[in-house]
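Let's take a walk through a protein model together. Keep the picture open and turn it around as you read.

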Amino acid sequence: LPSLSLPSSMHLIQVDSVQRWMEDLKLMTDCECMCILQSKPISIEKNEQNELMLSSQYSTCDNLQLLLKRAWIISTELTRISQKLERNRWQRVHSMTVRVNCHVRSMINEYNTFTRNSSEEMHQFEKLLLDKCSEFTAFTERCIQTEDEQILKSIKSCINETLTTVAQYFGQLIELVLTHEAQNLLRQIELADSMCITESAISSLFSLTQEGAHLCRIIAKEGGVVALFKICRQDCFRCLYPQTLRTLASICCVEEGMHQLEKVDGILCLADILTDNSHSEATHAEAAAVIAQITSPHLTFTQHLSSFLENMEEIVTALVKLCQEASSGEVFLLASAALANITFFDTMACEILLQLNAMKILLAACSDKHIVDTPYSRDQVVTILANMSVLDQCASEIIQGNGVQLLMEMLFERSSSGNSAEAAACERVQQKSAVTLARLSRDPEVADAAVKLSCIPRLIKLCRSPTERNNSDSVLVACLVALRRLAVMSPDGLEDSDFQQLVKPRLVDSFLLCTNMEESFV
């Protein structure tokens, strides 16, 4: 069975199984009703709105969500049919095929209820899919009426071929539907007839972007980035800037979105927004979120960064100011994340930060628990410190801002919730704080401060105790390197056994020793 051209995340998969079942129950029971009614509408009036149709009570956005749920169910059922077919479970294959047939008919009826201007191409694919589903059901029905192995073997190859075709038609139809709906929303945004309609269209578009990268690609290809930046260049829509920028940040997670951003001078527009003090903090924060997205070190496409460098100084200056004046932890997180990403791709950014006294501002923010209130925020701060620590001038800034004390505290970062994402953030904080200490300890003053604050015992504990570092190998390597750097500056701070096991051997040998070390619970 070929992979379907569907939104990859469809975040239904990630919810509790009972909740999923409750959400799908309505769709499933409708499907059983459809088995009896054979898709015949209750109303005989063509223009009369059928109140019993599933989608009648929903808005356009809700209708699309319903369509995506139905599509997810159909996609899952097709995969299960393929699995049952491999095991020759003919009765199950037939019952599931009937169910898919009904789901497809329900989905098409629901969609045609709330859309008014579907294309001829879409209608053709609907007919092709319905005809192929009927053929599919007829094949599987023949299978449960015979026990002849030769006949079943012959029919099985036909079923496989039909199943592949159904999957292809279904994927193409969903692609057409999503493209059509994206076009409708973008048309509303481009016409900008009223504030209310434009706001509703942007909100619906944002909801679509949350369904995964595939939908973001569709929106980008249909001109979504161009339309949204057009809104961001009109003062009359200032109140819509935050949600418009939030939608842009989502679309720019895909390469197609980046290409569009480059074509419309999006970075220049973002720089203008960030440096315009008349904008609200919410607008500045969402602009920072777009910057954080397009500068992510995880992205493999970086063509846009050439134009970013031209505007980097004013963007960095605006982001530092946003960090300094942030009224909430969320605003600080977005601004610091953007700064952290920028420091990865150009050392000039670190030099600009040093000139702007960013080190002092970030260290001061860390003392305010209302602003730097999560491991995620501390991860951004320590990332900036780690990248800035390659500069020789950084050491004196760290000493003046009591930064060594902060790095020592970050070595104790632990997750309190047990959440896997938070635990990963805590690991990153521990690793980067050790990296920063290692880099800065080339300065005797910093190394002396670290020794006085008992950094060496803490680094030894992290090396020897896997639970202290959440079994992270990256934290272990960083701590071994930092420990060796400090041991050079203060050899008296280590016991002989620690020196013999953690400092004297090759790094790889110490690493292997620590990863094989079992903790004693006696």
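**A tour of the chain**

Of the 522 residues in the chain, buried ones make up 51%. Here, buried means under 20% relative accessible area, exposed means over 50%, and partly exposed is anything in between, with a 1.4 Å probe and protein chains only. Keep in mind that this is a predicted model, where local features need pLDDT of at least 70, side-chain atom pairs count only at pLDDT 80 or more, and totals for chains, interfaces and linings use all residues. Residues are numbered from 1 along each chain as its sequence is written, and side-chain values use heavy atoms, with hydrogens and water left out.

What is the chain built from? It has 26 helices and 0 strands. Both are DSSP runs numbered from the N terminus: helices are H or I with at least four residues, and strands are E with at least two. Now for the contacts, meaning heavy atoms within 4.5 Å. Among contacts between residues at least 6 apart in sequence, 74% join residues at least 24 apart.

Let's start with helix 4, which covers residues 120-143. Glu 121 is found in this helix, and it counts as partly exposed because its relative accessible area is 42%. Glu 121 and Leu 173 are 52 residues apart in sequence, yet their C-alpha atoms are 9.2 Å apart in space. Also in helix 4, Asp 131 and Lys 127 are 4 residues apart, so about one helical turn separates them. Their side chains meet in a salt bridge, at 3.0 Å from N to O. A salt bridge here is a side-chain nitrogen of Lys or Arg within 4 Å of a carboxyl oxygen of Asp or Glu. Asp 131 is partly exposed, at 40% relative accessibility, and Lys 127 is exposed, at 53%.

Next, find helix 5, residues 149-191, and look for His 180 in it. Is His 180 buried or exposed? It counts as buried because its relative accessibility is 8%. Leaving out residues up to four places away in sequence, His 180 touches Tyr 111, Thr 115, Asn 117, Ser 118 and Met 122.

Further along comes helix 7, residues 213-221, whose buried residues are His 214, Leu 215, Cys 216, Ile 218, Ile 219 and Ala 220. Just after this helix, Gly 223 takes a positive phi of about 95°.

Now for some helix pairs. Two packed helices are described by the angle between their axes and the distance between the axes. The axes are lines fitted to C-alpha atoms, for helices over the stretch in contact, and the angles run from 0 to 180 degrees between N-to-C directions. Helix 8 (residues 224-232) and helix 9 (residues 241-251) have axes that come within 10 Å and cross at roughly 155°. That makes the two helices roughly antiparallel; angles over 145 degrees get that label, while those under 35 count as roughly parallel, 65 to 115 as roughly perpendicular and the rest as oblique. Helix 8 brings Val 225, Leu 228, Phe 229, Ile 231 and Cys 232 to the contact, and helix 9 brings Tyr 241, Thr 244, Leu 245, Thr 247, Leu 248 and Ile 251. Sorted by class, this contact has 9 nonpolar, 2 polar and no charged residues. Ala, Val, Leu, Ile, Met, Phe, Trp, Tyr, Cys and Pro count as nonpolar, Asp, Glu, Lys and Arg as charged, and the others, Gly among them, as polar.

Another pair is helix 24 (residues 473-489) and helix 26 (residues 507-515), with axes that come within 10 Å and cross at roughly 130°. That makes helix 24 oblique to helix 26. Asp 473, Leu 476, Val 477, Leu 480, Val 481 and Arg 484 of helix 24 meet Leu 507, Ser 510, Phe 511, Cys 514 and Thr 515 of helix 26. This contact has 7 nonpolar, 2 polar and 2 charged residues.

To finish, back to salt bridges: how many does the structure hold? There are 18. One of them joins Lys 452 and Asp 448, at 3.1 Å from N to O, and both residues lie in helix 22 (residues 444-452), 4 residues apart. Another joins Arg 506 and Asp 509, at 3.1 Å; Arg 506 is exposed at 57% relative accessibility, and Asp 509 is partly exposed at 33%. Elsewhere, salt bridges link Glu 77, Arg 80 and Arg 99 in a network.
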